[in-house]
Amino acid sequence: MTVTHLTINGETISQDINPRESLADFLRERRNLTGTHLGCEHGACGACTVSLDGMVVRSCVVLAVMCEGRKIETIEGTRKSEPMDVIRRHFHEKHALQCGFCTPGMLMMARDIIARYPEPSDSVIRSQLSGQICRCTGYAGIIAAIESAAREIRDAVE
Amino acid sequence: MNSHDGPGRWIGASLLRKEDRRHLLGASTFVADVRIPGMQDIAFARSQLAHARVVSIEKPQGFENKVYTLADLGEIRCLDAGPELATFRTVPYPPLAGDRVRFVGQTVAACIAPTRAEAEDIAQEVLLTGENLPVVIDAVEAIKPGGATLFDGWQDNAFIHATIADGDIASVANAPIQMRRQFKMNRQATAPLETRGVVAYWDERLDELVVYSSTQGPHLMRFGIAQTLGLPEHKVRVIAPDVGGGFGGKNRLMPEEIAVAAIAMKCGHPVRWIEDRREHLIASVHARDHYYDFTLYAENTGRVLGLKGELFVDAGAYSLWPSGPYMESSMAARNLPGPYRIEHLHVETHTVATNKTPLGPYRGVARPGACFAIERAMDELAHELGMDPVELRRINLVRATDMPYHTIGGLILDTGDYPGALEAVVDMVDLPAIRARQKQGESDGRRIGVGFAVYTEQSGHGTIEWTKRKSRVVPGYESATVRMLPDGTVHIMVGILNHGQGLETSLAQVAAHELGIDPSQISIRHGDTNATPFGFGTFASRSIVFSGGAVARASSILADKLRKIGAHLLQSPVESVTLRDGAVHAGAASIPISEIARAGNIRPEMLPTDVAPGLEITATYEPPDSGGVFSYGVHAAVVAADPDTGVVEILQYAVAEDCGTMINPMIVDGQIIGGIAQGIGTALYEESPYDPSGEPLATTFGDYMMPCAPEIPRIDIRHFVSPAHNTLHGVKGMGEGGAIAPPATIANALSDAFRDIGAKFAETPMTPRRVSEAVARARGDAV
Amino acid sequence: MKSAAFQYSRPETVAEAVALLTAAEGSAMPISGGQSLLILMALRMTMIDRLVDISRLPELRELRDDRSDVFIGASTTHAMIEDGKIPDPSTGLMSRVASRIAYRAIRNLGTIGGSMALADPSADWPACLIALDAEVSIAGPDGQRWEKAEDFVSGAYETILLPGEIVLGFRIARRQSMRWGTAKVSRKSGAFADSMAVFVEAAGDGLPRAALTGTTSHARILPRVGKYAQNRSILDPGDLRAAILDDLAEIVPDADAYQLRCHVATVSRAITDARAS
Ligand SMILES: Cc1cc2nc3c(=O)[nH]c(=O)nc-3n(C[C@H](O)[C@H](O)[C@H](O)COP(=O)(O)OP(=O)(O)OC[C@H]3O[C@@H](n4cnc5c(N)ncnc54)[C@H](O)[C@@H]3O)c2cc1C
Ligand code: FES
Ligand code: FES
């Protein structure tokens, strides 16, 4: 066990962590933040995407102990966040989810894409979503939602 | 709630989904999110041997009481699975290995620990010693006499040999054109993004076993689990919480569910097993795996007369409850003539046991293979005759004037305009423009091709069809309970399960239409056997027809009651009142439903004397003719293929489809596009191969290729609407159709791209290697 | 799919890290981005007693622009390179290569040093760094040494690293009017390459370098291709193909016909890509 200090969704905690615990397992099993989903546990599906010091990472391939001193934001932490609320609304309106299992990871990724590409084209969105698996939707709604959410967020800034 | 099409009329409105909110907030509850105090994790030790007689299973020292083998589970009744046919060989599939293991990944022992990691530590130390037996890997070889068998006493490895025939195939023996071809649709996983999972415990207060399971059909699973464990059914409660996709793969009673439930009754604390992706790819339901070898008989004009041949379905090592693998073979054979006016059919089917993971249903069940085979064969025939494949289809397709049309496969195509849909996609992809582009050639050396495929999708089939299939369980109806609460809002309990299909929204639309209230006033409840009326679950594109019908019927009975009470309260004759916009109206006067609901529930003294109190109706529904109604469509794809590397890019994808009346067009389009994405996976990426020793080769998403956004093109859809005569509102099921035609469509496009050299595309997935090799073979290069 | 148990240390210095690794006699491993190692551990294909977290060591995060060459610390992530947050000796090649590795969320943590040290036979960096003729800085119990990237990877998942050694970073020379091209074939976007080639040539100095990865062994230079392409502005497709096949016969003798077709395609296209720019 290693005492680790980290900030999760704005709350700073210190906790004994078993080194073998992935960040995803730590969040889900020890912090009960079950909005972060596990679809593969080997970095290949994106369901577990969270933000680590402001960048997207796959929490199944991060060790919780390696997050010492770092800031983690999960889908639960975005519940009252401006850009995410806009993105959520566009996901809803564009039918960007069916079973909803990929949705939290998709949203985290969508926000990151929009932050890096304020005006993302269809092909940019597609290539940035590479490796982010949705088994249900065929991606059409997700792509449309990211495109239109980006537009709304951009318009709000201008 | 917003609607694209305006409120008021709910049937046909693209209402945004009620179920989105919890998912968007990350607040849904999937089985892995269920928290029961004291719960411990289970990891399974699995066989690494493909076929062996079990000599011993050793538990690691010090963990004897944490490891369960079959003997520790107590009495288990292995249910007979598969059709009730004397010719079908049933075999027991024990939840943990008995005296034999028959595929790599078969469950051997269950290990319990406070965390999954520790459970895996134990599982890793469980030692299975076995005496290796010959491995059966090839379904065609496996039924040759004298070979090794999986089961003692079997003469060959077939679960069943059965012939599907009609017409008189001998009468076309002298047809001028006879073309023999072989096609293979390889094995794949179902791969919902949420894997399977089970949480089980004994609830002392209710004195019952509670099983949370990521399943498509909780009521059937309750029946299966109770039977297997020898429990009375009222002592078993199955809850499907949020389910992260199913696609057929979560609709079988699997060994893990039984083992976990059995252990929960023995170990004294809640237990959970969450399938990991490797377990999923190795040991969850596998799908497809068809091999076709048949001859088409035709006239010189291109009219196809008959089809004769064989179908091998590699069913894996066991038959899964309830339906078993024969459904795959019989459906494939019956769908092999496609939507064509073929009059003679003779298909010998062989459903074969091999040392692989048991086969189960996957979106499209059987038909993607059949569609691949017939649609590819139609293109090949067109090539042989020097005809355009579209023209050949025009000549053979069932016409609108032929409806209802009895196919030689025994299916009754009810309504639609198949040739019209074909012309629509030809128009959508602009065929002449593609032909012109092909003449010019591509500057990057790639080849462009266009392909078409037609499919039908049987849905809404009930008692007649399932008894014809000799099914052990006959999903002939669905039920719904509609309960209006004292304030006029509504709970509807249904026996189907929503796992992405938007049924919490579309069923609310159906009820809103009958009850004259807004769908936001209605909550759909499903997934808990203690809270919902019996139902079979969501599969076979049946939920909108059956459950929609049951909801509509129960709602309409309730609506009658509301009108009656409303008329009484308005002191008007019941014939003169209408129910709409949240009120009962009599001329200019009206009374809100909330008033009626209050009277009906808590103010019985206000009711007319001939109306019983209570506003709860349960009704069941089955369409009047339960042979099924048929959605259909035509797909078209334009692809670019690199002849050297074999990499394929889809440039354009178009669909013209008809699923009758659409309750919610937005959801319909979502189902079509999602289905096509899965079909593209089957066509180009997904495969679960085995090596000759029975070792599965695709065990992670590093080897098992799941299509992502760059792999799925934009999909253009045009709708035809030919309402079914037989169902409420004329709806037809359509959940699977998207997945049926893409392999055929894309293979036809590839074969078009290389038509000049005659490269053959006869096997899925058409990976870069297979495409490159097909081209090399046609060019006479080294393969 | 959970890792077996292990101990975890986060040393403050390279010396400490090397000491911990050396003391463990092979039962410890360094972890950098963890984007490969944690998966191998979750699959229990790699089982070790101790993980030594080198991801925060300042020496490994160093980025130095020394005019004639550039030093890139081993812990530099794919994403930093993709985003141009490093001094770039490659006029954009490294950014292009980085952008095609895996997926963004993986690139945010995965490092160039981890990728080289793992020496996955399909990984992208080995081919790129070999083509750029990079040198690898290695620290170990016996001090620090430099090796050529080309010599550093020695087989599938094999490098010349000795027990206790870690990669500090890479030195890459700046070249005059450099041209480069790259091409990759994989089963789908972001998947490991079935074949990936990088071609680099510069004015005046030495042979053009064509490097290939996605073979059954490790990334390698194709010397005959370099020689053929040198000082030849128009390449004869037949002769180029012959040169490539000659090299392939030597470096991937076990390649089947399909693999050969892919390799010929990526190498030729990398050259075309370079010459088109
Ligand atoms: C889904 C997925 C797809 C991927 N696709 C690709 C791809 O297409 N192309 C590609 O190239 N890569 C791909 N990768 C791998 C990715 O690039 C990894 O980031 C990289 O291979 C390893 O870097 P790391 O920093 O994460 O190393 P780690 O996982 O931390 O370590 C990898 C190995 O290197 C050792 N090591 C790490 N740092 C050092 C050091 N400084 N000195 C000595 N030894 C060290 C470790 O002990 C370990 O053995 C993929 C990964 C994933 C999860
Ligand atoms: S669960 Fe982490 S990437 Fe799939
Ligand atoms: S909505 Fe089901 S996986 Fe994306």
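## The two domains of chain A

Into which domains is chain A divided? In this predicted model, chain A consists of domain 1, covering residues 2-77, and domain 2, covering residues 81-157. The C-alpha centres of domain 1 of chain A and domain 2 of chain A are 22 Å apart. Where these domains touch, domain 1 of chain A contributes 16 residues and domain 2 of chain A contributes 15 residues.

Together, domain 1 of chain A and domain 2 of chain A bury about 1200 Å², and carbon and sulfur atoms account for 57% of that area. On the side of domain 1 of chain A, H37(A), V56(A) and I75(A) provide 40% of the area buried against domain 2 of chain A, more than any other three residues.

One salt bridge is found across the interface of domain 1 of chain A and domain 2 of chain A. A salt bridge joins E73(A) to R111(A), with 2.6 Å between the closest N and O atoms.

Two strands of chain A, β3 (49-52) and β4 (55-58), each supply at least two residues of the side of domain 1 that touches domain 2. The largest share of this side, three residues, comes from β3(A). Sorted by class, the side of domain 1 of chain A that touches domain 2 of chain A holds seven nonpolar, seven polar and two charged residues.

## The interface of chain B and chain A

Chain B also meets chain A, in a contact formed by 55 residues from chain B and 46 residues from chain A. The area buried between chain B and chain A is about 3800 Å², with 58% given by carbon and sulfur atoms.

Between chain B and chain A there are five salt bridges. The side chains of D33(B) and R28(A) form a salt bridge with an N to O distance of 2.9 Å. On the side of chain B that touches chain A, α1 (20-24), α2 (116-125), β8 (177-189) and α15 (665-685) of chain B each give at least two residues. Of these elements, α15(B) supplies the largest share, eight residues. The side of chain B that touches chain A is made up of 26 nonpolar, 17 polar and twelve charged residues.

## The interface of chain B and chain C

A further contact brings together 28 residues of chain B and 22 residues of chain C. Chain B and chain C bury about 2100 Å² between them, 51% of which comes from carbon and sulfur atoms. Within chain B, the residues that lose the most area to chain C are R278(B), M705(B) and R769(B), which together give 24% of what that side buries.

Five salt bridges are counted between chain B and chain C. R769(B) and D256(C) meet through their side chains in a salt bridge of 2.9 Å, N to O. The count of polar contacts between chain B and chain C is 15 residue pairs, both residues at pLDDT 80 or more. The elements of chain B that give two or more residues to the side touching chain C are α2, α5 (277-283) and α18 (768-779). That side of chain B divides into eleven nonpolar, five polar and twelve charged residues.

## Confidence of the prediction

For the complex, the predictor gives an ipTM of 0.98 and a pTM of 0.97. Chain C has an average pLDDT of 96, and 99% of the residues score at least 70.

How values were computed: Residues are numbered from 1 along each chain as its sequence is written. Chains are lettered from A and ligands numbered from 1 in the order in which they are written. Side-chain values use heavy atoms; hydrogens and water are left out. Contact means heavy atoms within 4.5 Å. Buried area is the accessible area (1.4 Å probe) that two parts lose on being put together, summed over both. A salt bridge is a side-chain nitrogen of Lys or Arg within 4 Å of a carboxyl oxygen of Asp or Glu. Helices (H or I, at least four residues) and strands (E, at least two) are DSSP runs, numbered from the N terminus. Ala, Val, Leu, Ile, Met, Phe, Trp, Tyr, Cys and Pro count as nonpolar, Asp, Glu, Lys and Arg as charged, and the others, Gly among them, as polar. pLDDT is the predictor's confidence in each residue, from 0 to 100. Domain bounds come from an automatic or database domain assignment. A polar contact is a pair of N or O atoms within 3.5 Å; within protein, one must be able to donate a hydrogen and the other to accept it, and residues adjacent in sequence count only if both atoms are side-chain atoms.
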